Amino acid sequence: MLHLAASISLVLFATADSGRAPADLERPTLARCVFRCNFDQSWDANFDGWPTDWTRRDGRGYPHFIRIEIDESGPPGGGRSLRVDLNGAAASAQSPLIAVDPLFEYLLQVDLAAENLGTSRAGIALLLLDEERRPVQTLSSPMVGSVNGWQRLSVGPTPIDPKARFAMITLNVQPGDRPDLNGAVRFGDLWLGRLPHLRMETVGAGRLLAPDKRLVIECMAAGQFDADPRIAFTVLDHEDRSVAQGGIDLELKPMPAPRRSSGKPVAEPPKSIGAVPDDRPDGPRAMGQATARWTAPPLPPGWYRVCAKLSTAGGIMLEKQLALAVIHPAERSPDTCFGWSLPRGRLPLRHHTLEELIDCAGVGWVKLPLWIDDETSEAHVERIAQLLDSLEDRGIRTIGLLASPPSRVARQFDRTTDLAALADVLAADQQLWLPSVTASITRFSMQVRHWQLGEDRDMSFVGRPAALKRAQLVADLFTRLAPNAELGLPWDGSYAPPRSWPPSSGQSSSESTASVGFVALSSQPPMSAPELAWLLADAPSIVAAGAQSPARPVASNGMKTAGLSKSPAGGHAAPRRAIMLAPLPADQYAKTARWADYVERMIAAKVYGAQWIFAADPFDPQEGLLAHDGAPNPFFVLWRTTAYALGGAEHLGRLELPADSDNDLFAKGESTVLVVRRNAAAVETINVTAGATLTDAWGRTERFSAPAGPRPIEVGPLPVFLEGVPPAAARWQLDLVLQKRRIPAEFDKPHSNAIELVNPFPQGIQGRVQIVAPDQWQAVPREADFRLAAGEQWRLPFDLRIPSTAGSGKRFLRFDFDLQSEQPIRLSVYRALEIGLGDVMIELTSRIDEQGRLEVIQRTINETDQPASFRCELFIPGRRSLRSQIIGLGRGQDLKNYSIEDGREVLGRQLWLRAEEIGGPRILNYRFNAAQGAAVESL
């Protein structure tokens, strides 16, 4: 089973605080100070204005003419400060060495004042070193500009690297694009404290757990504790509901002294002025550490958070969380279109390999950066090649990214060049980038057939014909070195993509040019599912309308053009399309809305024929599916469930369901997948067969046994996936034709109709159909027997008689089939029937006015030139009915108002509007609940 690293966060304290005055921010009561510096006279033993035992960074970019000295002014808490006067360059000062212990967590706080900073920024960092004084970790605060008064910067509290034995505090000032010659930064009241440490890990199964495996949590606590330390565990699901609880009492043991890897004690650094003596037992508190394990009860598939709270007699001390997913093992379709884009390449993940994680996520495609140069080590190149081979062995194909130039190429550009914009890089002298691109193609073209110019969010080619001509130089290079390669571009989905590369130098515009193989479509903000549907449905037929002005006007079809050729050169087909998907911003949308939107966009991209559907940077901390170390978030489970269900599937169409839920039917091998969802939770009736499975978006599965037939199933904004219905049975539901879908609102008279179908089963079939109409409706005949050969067409005529009390608008007819084939199959097929000809519309709204009356507004719209007259009556439970008339309404609309006293008494009750045509046969009945809402009905 795949292992994922824990996503652990300390929730009692912020990891950074850069906007509060020192007086407003108290230091944690559990923290013990290990180092403090306020730059008072004790820190200036030589009276030279430089703090004793401190060092300043020198070398390139850190000149000595930048003045750094102790300043008499200091933060409100007292003491003095270390002042840095800006003069166009960087400056950095480092504290003496401080002994640290990785059994604890550390919190650094520094007060800062910064004035007249333009583009320069200031910040602090905690540099961790191992026993040999080699750097192993750097923890940094945000970099800030000018501030009003003093504010406190914080780093942590956070665990430190297990190899860390010493720390140094660094105070940093960095210039921006335009060096500042004026301004000053002051640092004061440096404080480093350590806190009790609580580390939580899973045992054995990692962060992806099979349902048949038990979750085992191991916790290690270290620090100074009151009596009776205890850890309480709570497992929360995606809705923050507690699904399991437990607790363990801790038995403290003495804390070991830090030791070298050789086993010898670590040498302490010389005691600096700011060093604070080590802890001593204080009253009932004891210094120690403890380890405990807790086994959770079995968990169904889904996403979970495990919360551990360390408490003593004095209350809760620390809280930690880790994320995990319980998932069913599944087999990925070899033809899946789902993929991951990894612009940062192979990350250092814990407990597992990237290949295993990709394979587990239902991914069949991966984008990887493959741009190397002669400074790239052979060992690194070999690791990339091994990764490509490993992915290929798993049936996972790669798209190579030529983005983020390698170090030697990047060093040749000045600071003003945006290296993330590939078009700007290619605009430079070819000798700066051409050799490295050539080396990359030559090295990896045997393993990688698909390549993309630029990272997915690089829109530097859009709307820039000259940039596309520069990209054509790379296309020519591929033609010579890798003629079978397919080359694509990142592209803004709002613009029509190019079909071919521009002609090369010396080639006329009329000559045939190479096709653009694909475009990776994205947009900011992300396109909604309807926008994706429009884009994918219309984009293949887009013909660009010529080079446009910089304003990039919208073409007649709604898609912007972006400096493309006047027509599809050489008859080139539209490029294949890859859709890049990222969740909606967490700070603007509720989590449930983000989940539903993400899955809905995955489905829309699949329905409307995207050749690839990529998760845009799954390890992005804000928009990804996992944390940097591989810990899953809810989007990982939603992605995985959808990718496995729809990978390799082909869209067939949509079924008509009685609750009118949105759905899509897919063929997948020898079976089908029906995806059902709706905006609000409801119960939908869906046909199932024996052996079919129903899987919700979190991976929880229910298998159906006999008897087969319609089943009530709960549906909502997140989809459910019904798999295993035989394709012929699904086709029977999809292809049944109701001859007339709209009948006039004329009651107590027969309306002729018929159903038609073709036997989709590969063999002959016999059975019976029963027509189930709404209450008090009559269908003649109500049932019929049939016997059909494979592929034989059948038609059943019938009459419908509608009672005068029947409501108007959409109603469903149900056709119940009992089919006798290799095994009995029961199906209920629904078809909507509109009562009314659709030439007259009535809209009804209701609201409570300022006097407390319920006001019902009837808006009647006639869309024909034939005058319409109706006698209308609104029936109110327990009240006298209200009447109105519409006389000779031609094309246009008519408004009528009904006012009901004490309207709040009527809210929620059912009202009945009856509209009887004057001099005609039509009678409209419409029942609705009085509310602050609206309704629309056809007549």
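How many bridges join β29 to strand β30? There are 3, and the two strands run antiparallel. Strand β30 covers residues 662-668, and within it Ala 667 is the bridge partner of Glu 650. Helices (H or I, at least four residues) and strands (E, at least two) are DSSP runs, numbered from the N terminus.

This is a predicted model, in which local features need pLDDT of at least 70, side-chain atom pairs count only at pLDDT 80 or more, and totals for chains, interfaces and linings use all residues. Residues are numbered from 1 along each chain as its sequence is written, and side-chain values use heavy atoms, with hydrogens and water left out.

The strands β29 and β30 belong to an open sheet of 6 strands, in the order β29-β30-β31-β36-β33-β34, with antiparallel pairing. Two strands count as paired if DSSP finds at least two bridges between them. At the edges stand β29 (650-653) and β34 (701-703); each has a single partner strand, so one side of each is left without a neighbour in the sheet. From one strand to the next, the twist averages 25 degrees.

Helix α8 (residues 591-607) lies across β29, β30 and β31 (671-677), and runs at about 55 degrees to β30. Such angles run from 0 to 180 degrees between N-to-C directions, with axes fitted as lines to C-alpha atoms, for helices over the stretch in contact; contact means heavy atoms within 4.5 Å.

Confidence is given by pLDDT, the predictor's confidence in each residue, from 0 to 100. The chain averages 84, and 87% of the residues score at least 70. Confidence is highest in helix α9 (residues 634-646), at 97, and lowest in strand β53 (residues 934-938), at a mean of 40.
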